Amino acid sequence: MNIAILLPTRHRPRMALSVLSALDHLASGKNTIRYQVRVDEDDTQSRVMLDGIQSDIEGINVVCKPRPVTLGHATNEAAQGVHADAYAMLGDDVFPLCQHWDEGIRILIGEHDIPAFCWTEVSNPNNHTYPVLSSKWVEAVGTITSGHFPFWFDDTWLAEVYELSFGQPMPIVADMRVGGKRGKTQGLRDLSFWFEFFDATRSERIEWSGRIAKAFGVERDPGALCDIIARHHQRTVEQLGRCAEYEEKFGTTQPPSDQYMNVKMLANQWLIDNRKAP
């Protein structure tokens, strides 16, 4: 099986090296793995590190681009031009905790034709943090993430699309474990705006799910689909009530970056174009 690991990193060469080394040492050697490491043009330390380990870790491909607007954009750039059977999204601060993780992906997606699943993040085992997508899923949609959000919401987007497509939650696989430190989320602010924007963009997720259901030959029940949409809307409303708690726990007091201001401008433009307001 051909597996693409999509790994954006920024100014954390030691962490990225540790993650890549762990993935390489815990792989089975039975599958073709491409480590698509996406770095910023100004991240000289990471680029030097990656140049130095390419002879030790087979399959590293460095994707060097200007600093992205969002992490989702960086993930999409990591996948550009790649043709794989499975696409696994990981971060430069999370480590595989299972032997022969690549065989797990092969069995789940290659043998059992599972459209997508999530690793189990041991620090938050019920969260869909790190999805693995099949080639059929990616080809149906034409991308990995929406690229709309500065933090958090890309994995939630994919989990909701899965449920809209197949009528059940995206599987979180217990034997496919990853772990790492959980801390502050870079750029986390204005959560009420982003939750409301997430709710407003549900039409895109419904459109994605229609393509994916068609690709997998799934006939969806309209009534059940309406129930899922209503349930996810209610979940977003409930999360809005916890924004202050989340910002205190995970947010940052640093001034907003140019990238953050840009992505929020794009979000507001989306709302204008689609005649919606949060």
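A search of the whole structure, a predicted model, finds 22 aromatic pairs. The search for salt bridges across the whole structure finds 16, while the number of disulfides is zero. The largest nonpolar core holds 44 residues, and Trp-137 and Trp-194 have the most contacts inside it.

**Aromatic pairs**

- Trp-152 and Phe-250 form an edge-to-face pair, because their ring planes stand at 75°, with the centres 5.7 Å apart.
- This pair links distant parts of the chain: Trp-152 is in the loop between H5 and H6, Phe-250 is in helix H10 (residues 243-250), and 98 residues separate them.
- Trp-152 is partly exposed, at 29% relative accessibility, whereas Phe-250 is buried, with a relative accessible area of 15%.
- Trp-194 and Tyr-260 are also edge-to-face, since their planes are at 70°; the ring centres are 6.2 Å apart.
- Trp-194 belongs to helix H7 and Tyr-260 to helix H11 (residues 258-273), so this pair ties together parts of the chain that are 66 residues apart in sequence.
- Trp-194 counts as buried at 0% relative accessibility, and Tyr-260 counts as buried at 4%.

**Nonpolar cores**

- In the largest core, of 44 residues, Trp-137 and Trp-194 are the residues with the most contacts.
- Helix H7 (residues 191-200) gives the most to this core, contributing seven residues.
- Another core lies apart from it and has 34 residues, including Leu-23, Ala-86, Phe-117 and Val-132.
- Leaving out residues up to four places away in sequence, Trp-137 touches Pro-115, Ala-116, Leu-158, Val-161, Tyr-162, Phe-166, Met-170, Ile-212 and Phe-216.

**Helix H4 and the residue Asp-113**

- Helix H4 spans residues 101-111, and its buried residues are Trp-101, Asp-102, Glu-103, Gly-104, Ile-105, Leu-108 and Ile-109.
- Asp-113 follows H4 and has a positive phi, near 55°.
- Asp-113 forms a salt bridge with Lys-136, in which the closest N and O atoms are 3.8 Å apart.
- The bridge links distant parts of the chain, with Asp-113 in the loop between H4 and strand S6 (116-121) and Lys-136 in helix H5 (residues 135-141), 23 residues apart.
- Both ends are partly exposed: Asp-113 has a relative accessible area of 43%, and Lys-136 has 31% relative accessibility.

**Glu-160 and Arg-205**

- The side chains of Glu-160 and Arg-205 form a salt bridge with an N to O distance of 3.0 Å.
- Glu-160 is in helix H6 (residues 153-166) and Arg-205 in helix H8 (residues 202-215), so this pair links distant parts of the chain, 45 residues apart.- Glu-160 is buried, and Arg-205 is buried as well.
- Arg-205 also lies over the face of Trp-157, at 4.8 Å from the ring centre.
- The charged end of Arg-205 sits over the ring of Phe-198 too, 3.7 Å from its centre.

**Other salt bridges**

- Glu-207 and Arg-211 form a salt bridge, with 2.8 Å between the closest N and O atoms.
- Glu-207 is partly exposed at 38% relative accessibility, and Arg-211 is partly exposed with a relative accessible area of 36%.
- A network of salt bridges links Arg-10, Arg-38, Asp-40, Asp-42 and Glu-77.

**Cysteines**

- The structure holds zero disulfides.
- The sulfur of Cys-118 is too far for a bond, because the closest cysteine sulfur, in Cys-98, is 14 Å away.
- Cys-118 is buried, with a relative accessible area of 0%, whereas Cys-226 is exposed, with a relative accessible area of 52%.

Conventions
Residues are numbered from 1 along each chain as its sequence is written. This is a predicted model: local features need pLDDT of at least 70, side-chain atom pairs count only at pLDDT 80 or more; totals for chains, interfaces and linings use all residues. Side-chain values use heavy atoms; hydrogens and water are left out. A nonpolar core is a set of buried Ala, Val, Leu, Ile, Met, Phe, Trp, Tyr and Cys residues joined through side-chain atoms within 4.5 Å. Buried means under 20% relative accessible area, exposed over 50%, partly exposed in between (1.4 Å probe, protein chains only). Helices (H or I, at least four residues) and strands (E, at least two) are DSSP runs, numbered from the N terminus. Contact means heavy atoms within 4.5 Å. A salt bridge is a side-chain nitrogen of Lys or Arg within 4 Å of a carboxyl oxygen of Asp or Glu. Rings of Phe, Tyr and Trp (its six-membered ring) pair if their centres lie within 6.5 Å; planes under 30 degrees apart count as stacked, over 60 as edge-to-face and the rest as tilted. A charge sits over a ring if NZ of Lys or CZ of Arg is within 6 Å of the ring centre and within 35 degrees of the ring normal. A disulfide is a pair of cysteine sulfur atoms within 2.5 Å.
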